[in-house]
Amino acid sequence: MKKSINILFFLVIAAGLVGCNNGNDKRSSSKGQGGLATNAAERVYVAPGEHDEFYAFMSGGFSGQLGVYGLPSGRLLKVLPVFSQNPESGYGYTEETKPMLNTSYGFVPWDDSHHPDISQTTGKLDGRWVFINGNNTPRIARIDLKNFETEEIIEIPNSAGNHSSSFITENTEYVVAGTRFSVPVPQKDMSIKDYKGNFKGALTFISVDPDSGRMGIKFQLMMPGFNYDLSHPGRDKSHGWFFFTTYNTEEAHTLLEVNASQNDKDFIAAVNWKKIEEYVNNGGGKKVPAKYAHNVRDEHTHTATSTMLDEVLTVNPMDVPGAVYFLPTPKSPHGCDVDPTGEYIIGNGKLSADLTVHSFTKMLDAIENEKFDGEAYGIPILNFEDILAGVVKQPGLGPLHTEFDGKGNAYTTFFISSEVVKWKVGTWEVLDRQPVFYSVGHGMIPGGNSREPFGKYFVALNKITKDRYLPTGPELTQSAQLFDITGDKMELLLDFPTIGEPHYAAAIPAEMVAPNSRKIYKLSENKHKHAVIQDSDVRVERDGKEVHIYMNMIRSHFNPDNIEGVKVGDKVYFHITNHEQDFDVPHGFAVIGANTAEMLIVPGKTETLVWEPKQVGVWPFYCTDFCSALHQEMQGYVRVSPADSDIELSWGLGED
Amino acid sequence: MKNVLKSMAALAILLLVSCGGKEEKKKDGIQIGQKPAATETPKEAPASDVKPSQTIDLTNKGVGPIKNVDIPAEIDEAMAAKGAEIYKMNCTACHKTDKKFIGPAPKGILERRTPEWVMNMIMDPEGMTKNDPLAKALLMEFNGSPMANQHMTEEQTRQILEYFRTL
């Protein structure tokens, strides 16, 4: 691991240098800048032993994980396993973590992770949790920033393509999950051709316990069968509202590339969640059967449990008058972004030449004065002209997402023209544009989705890499680019590779997270039911065909390290407790022929790996994480006898 | 060439015969550097042959956070009981109370070490093996297996020490 981080680090530096040269050559801007011409290298250089200024949590895209990077260096600090099995640590392979990946479809070892969002209090980042959505088998995960572990995953029923997720309200009251694909609700066997008017789009509001972070579905708003693409919360003055972009208001079910681009305008759905919350708290809504998994990891037992739930509360928007409105927005809007004051809602129409900015104040006025321009499935459509705050004229091609620097500027990414455009909120004038390499998706400013952004850097999360790095066959890693945005003009500082396909990202000043980061799990707080806390608890027990080995480990031995009496056909559980109480002394465990992965056990934790020996013999196990000068001595043997053998279980360490 | 082979074979037989005469049974494994008892050189003065673990040093307080500990004559049984619990959880993976295991046995330790030295060894094993000559020698005696830092507080360490007094 450490080696590969080193390699990555060199790659980053090498790529950075190459990238800057290329940037220099290709830049159309008049200034002859670039990594070597300016002091860009100095500004991203974090000297050996020093730390980065920000943590950046970047979605792992189709890896299903969450990448943790340091900014400004772009160094990969860790890959946190979330929705996918991770053989490096044993996540999703050990008995303790397998329940995290349970769903109503059974064990699903992969997902497509998209939009991380950091918890907030009064609209400001509080650094407690990161939420992220699994797009494919709809789920929302909560990662705890003390443990840097996935602590909870909740499945979203009635949803498909969990894309307008996982964005939080400004006191983390709710994490919101909207469906990209509308589906029959409840699911049933019906002709696809009958989509229009019959499918539903569920917008799910998941409450978050302010102390524990525990999630629970509060209600699902059953909207018309459009595609709900992205969303963002209202904040400050617009707190209490949530905004979702829609496309395919045509309700096409085939060849969407053409058929979903027919309407001149689609909508941003404005949802007054406070109003619906009140309705629900007063007994409103309808409970319907729905099967979904809720998986929680306990910090003291280090063990996840999966509970299958069987009903969910649904709300028909028609039953809560005044709760939902449609804001007409040109041409299949993708990103839906709200500025730090909460006044402006920006709809980035993918196929539009202009950026549309709605005014929250005007929206309230239009609602009050019923300035409607029709309705869709009974939901009022507000009059476009009456709610329009302004238009950013012809800023580029293919706008996707907008972030804010807290100084009155907005930064919009353009996929087709492959650039980032800085414009002024209020005057809508374009201030600067910089090319990116290539085809940027999301952009990210630390705290850019809050009342108080830290407007120092902008990270472009590019979709296409091409010639930015040394070729590595047909498939390249994705590419991020770091800009300094403290001056009038954005300045490209660094390219760095990212895992999977990072969609959105969220970053926070390191000092808000680093001091709370856990160093060890205390043995005295270990409540795992198979923990070996005292050496006298070391034992091996047989229960029919199951053999349970209760083992501990410390530099540099396993206790026991010789085990006999195991037979072919047994299912052997290694329950191993790491007795180290020192920072960064994990031990690994691997046994020959195990059909799983290794497991990496951090100090004070207990984990369990199952091994089903298939052949008679004497088989070794060993520590996989170089732990001490005697790491190579950290090994043991299991004797496996024929199934009909009468050899009794025995175990030991040293010759007693 | 043939002759060489023949004489080699003869030599080998000779060697085997001569060995068979001396030893009853061949031992397994590797035996290296074993000299006949008769040619063994006389042992050096016993003082220099004492293992670091058996060395008695009741003045050295070691290097670390503990500068001075007052030890009342009476053992505080409650404190010792707490120490025993902590010891069981955090230390027994490497230490058995009355015999050498991965590390030395704590029984009788205060007959050979100052209480300060013992506490510093528990609280800062890295610092001790780096800066205290005796701790450094102990690391070699115990196969280079370092004592793990279990991050005991001073209070916990003092309780462990009290437990050691009861052994």
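This is a predicted model: local features need pLDDT of at least 70, side-chain atom pairs count only at pLDDT 80 or more; totals for chains, interfaces and linings use all residues.
Visitor: Why is Asn248(A) called buried?
Guide: Asn248(A) has 25 other C-beta atoms within 10 Å. The cut-off for buried is 20 or more, so Asn248(A) counts as buried. Asn248(A) lies in the loop between S15 and helix H3 (256-259) of chain A.

Visitor: Why is Asp236(A) called partly exposed?
Guide: Asp236(A) has 16 C-beta neighbours inside 10 Å. Buried needs 20 or more, and exposed needs 12 or fewer. The value falls in between, so Asp236(A) is partly exposed. Asp236(A) sits in the loop between strand S14 (227-233) and S15 of chain A.

Visitor: What makes the phi of Asp236(A) worth a remark?
Guide: Its value is near 55°, which is positive, and the residue is not glycine. Most residues other than glycine have a negative phi. Asn248(A) also has a positive phi, near 55°, and is likewise a residue other than glycine.

Visitor: Where does a glycine take a positive phi?
Guide: Just after H4(A), at Gly283(A), where phi is about 95°.

Visitor: What makes one side of H4(A) the buried side?
Guide: The buried residues of helix H4 (residues 273-281) of chain A are Trp273(A), Ile276(A) and Glu277(A). They cover an arc of only 105° around the axis, so they lie on the same side of H4(A).

Visitor: What covers the buried residues of H4(A)?
Guide: The cover includes strands of chain A, among them S11 (174-179), S12 (200-208) and S13 (215-224). Strands S15 (241-247), S16 (265-272) and S18 (304-315) of chain A are also included.

Visitor: Which peptide bond at Pro72(A) is called cis?
Guide: The bond that joins Leu71(A) and Pro72(A), with omega about 15°. Pro72(A) is in the loop between strand S2 (66-71) and strand S3 (76-80) of chain A.

Visitor: What is the omega of the cis bond from Ser165(A) to Ser166(A)?
Guide: Omega is near -15° there. Ser166(A) lies in strand S10 (residues 162-168) of chain A. Most peptide bonds are trans.

Visitor: What makes S30 and S33 of chain A edge strands?
Guide: The open sheet has four strands in the order S30-S31-S32-S33 (chain A), with antiparallel pairing. Strand S30 (440-444) and strand S33 (491-498) of chain A each pair on one side only. The twist averages 25° from one strand to the next.

Visitor: How do you know that S31 and S32 of chain A pair?
Guide: Six bridges join strand S31 (residues 457-462) to strand S32 (residues 478-484) of chain A. Pairing needs at least two bridges, so these strands count as paired. They run antiparallel. Phe458(A) has Phe483(A) as its bridge partner in S32(A).

Visitor: How do you know that Met553(A) is buried?
Guide: Met553(A) has 25 other C-beta atoms within 10 Å. The cut-off is 20 or more, so Met553(A) is buried. Met553(A) is found in strand S36 of chain A. Leaving out residues up to four places away in sequence, Met553(A) touches Phe558(A), Ile576(A), Asn578(A), His579(A) and His587(A).

Visitor: How far apart are Met553(A) and Ile601(A)?
Guide: They are 48 residues apart in sequence and 9.5 Å apart in space, C-alpha to C-alpha.

Visitor: How many residues does each chain give to the contact between chain A and chain B?
Guide: Chain A gives 19 residues and chain B gives 16 residues. On the side of chain A, strand S36 (546-554) and strand S37 (557-559) are the elements that give two or more residues. That side divides into five nonpolar, ten polar and four charged residues.

Definitions and conventions: Residues are numbered from 1 along each chain as its sequence is written. Chains are lettered from A and ligands numbered from 1 in the order in which they are written. The arc is that of the directions from the helix axis to the C-beta atoms. Two residues are in contact if their C-beta atoms, placed from the backbone, lie within 7 Å. Ala, Val, Leu, Ile, Met, Phe, Trp, Tyr, Cys and Pro count as nonpolar, Asp, Glu, Lys and Arg as charged, and the others, Gly among them, as polar. Axes are lines fitted to C-alpha atoms, for helices over the stretch in contact, and angles run from 0 to 180 degrees between N-to-C directions.
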